[in-house]
Amino acid sequence: MNYFHILRSAIVAGICISIGCVVNLRVGGVAGAVLFAFGLTAVVSYALKLYTGTAGFIRAKGDWTMLLVVLIGNIIGCGLCALAFTYSQPDIIEPDTAIVTGRLAKGPLPCGILAIGCGFIMTTAVEFARKGKFLPLLLGVPVFILCGFAHSIADAFYFLATPELYSGQLLIVYIAEVIGNFIGCNLYRWIVPQG
């Protein structure tokens, strides 16, 4: 397994999701949620490595290391974009701060639970997209955003774009979201026997 190739792919996936975050912050509402879908559509179309698009499909022991590399790469891509976009588009900082303070107000357990819903939607959307059916992909993104579900990679961008809010509590919320996304991504195969 070429981890350097996986890391590069994951960084680009983080960049794609960050672009979705920016449009969502600038437009907001239903339109912003719908336009966010560009990020995930790009990830699937280019076959990039995204944590929430990978977590529901891991099978072998070696996949755990790969999944960690994907998560790190996604966070790097989001971090680079957070630096670039908050510098060049400072108008996104206010709505971004509102998202982050909202996550902090909820706390780790509620955010982890909300991340389960997002993980389930993302694995379902990617599963259909891999079969050439893109409608669940295009609908899944606005659904998870409008439901208020937490996407750990989108939140990597949102969290990294607000350095003044960095704290141990924010890190705990983020870890809860990563775990919640993993649970949600695997919910279907854990409950329904695969034959």
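Reply: Please do, and keep in mind that this is a predicted model.

Me: Which residues of α2 are buried, and what do they pack against?

Reply: The buried residues of α2 are G32, A33, F36, A37, G39, L40, A42 and V43, and they pack against α1 (3-27), α6 (108-130), α7 (135-147) and α8 (152-160). As a general point, an α-helix has 3.6 residues a turn, so residues three or four places apart point the same way.

Me: Why are α1 and α2 called roughly antiparallel?

Reply: The two helices pack at an angle of about 170°, with their axes 8 Å apart. Since angles over 145 degrees count as roughly antiparallel, α1 and α2 are therefore described in that way. The residues making the contact include A13, C16 and I17 of α1, together with G29, A31 and G32 of α2.

Me: What classes of residue make up the contact of α1 with α2?

Reply: That contact has 15 nonpolar, 5 polar and no charged residues, where Gly is counted among the polar ones.

Me: How do you know whether T54 is buried or exposed?

Reply: Buried means under 20% relative accessible area, and because T54 has 8% relative accessibility, it counts as buried. T54 lies in helix α3, residues 51-54, and, leaving aside neighbours within four places in sequence, T54 is in contact with K49, M66, L67 and V70.

Me: What lies 2.8 Å from a polar atom of the T54 side chain?

Reply: It is the backbone oxygen of L50 that lies at this distance of 2.8 Å from the side-chain polar atom of T54.

Me: What makes G56 a buried residue, and where does it lie?

Reply: G56 lies in the loop between α3 and α4 (63-88), and its relative accessible area of 5% falls under the 20% cut-off, so G56 is buried. Not counting residues up to four places away in sequence, G56 touches T123, C185, N186 and R189.

Methods: Residues numbered from 1 in each chain as written. Predicted model: local features only at pLDDT ≥ 70, side-chain atom pairs only at ≥ 80, totals over all residues. Heavy atoms only, no water. Helix = DSSP H or I, 4+ residues; strand = E, 2+ residues; numbered from the N terminus. Buried < 20%, exposed > 50% of the residue type's maximum accessible area, 1.4 Å probe, protein only. Polar contact = N/O pair within 3.5 Å; in protein donor to acceptor, adjacent residues only side chain to side chain. Contact = heavy atoms within 4.5 Å. Axes fitted to C-alpha atoms, helices over the stretch in contact; angles between N-to-C directions. Parallel < 35°, antiparallel > 145°, perpendicular 65-115°, else oblique.
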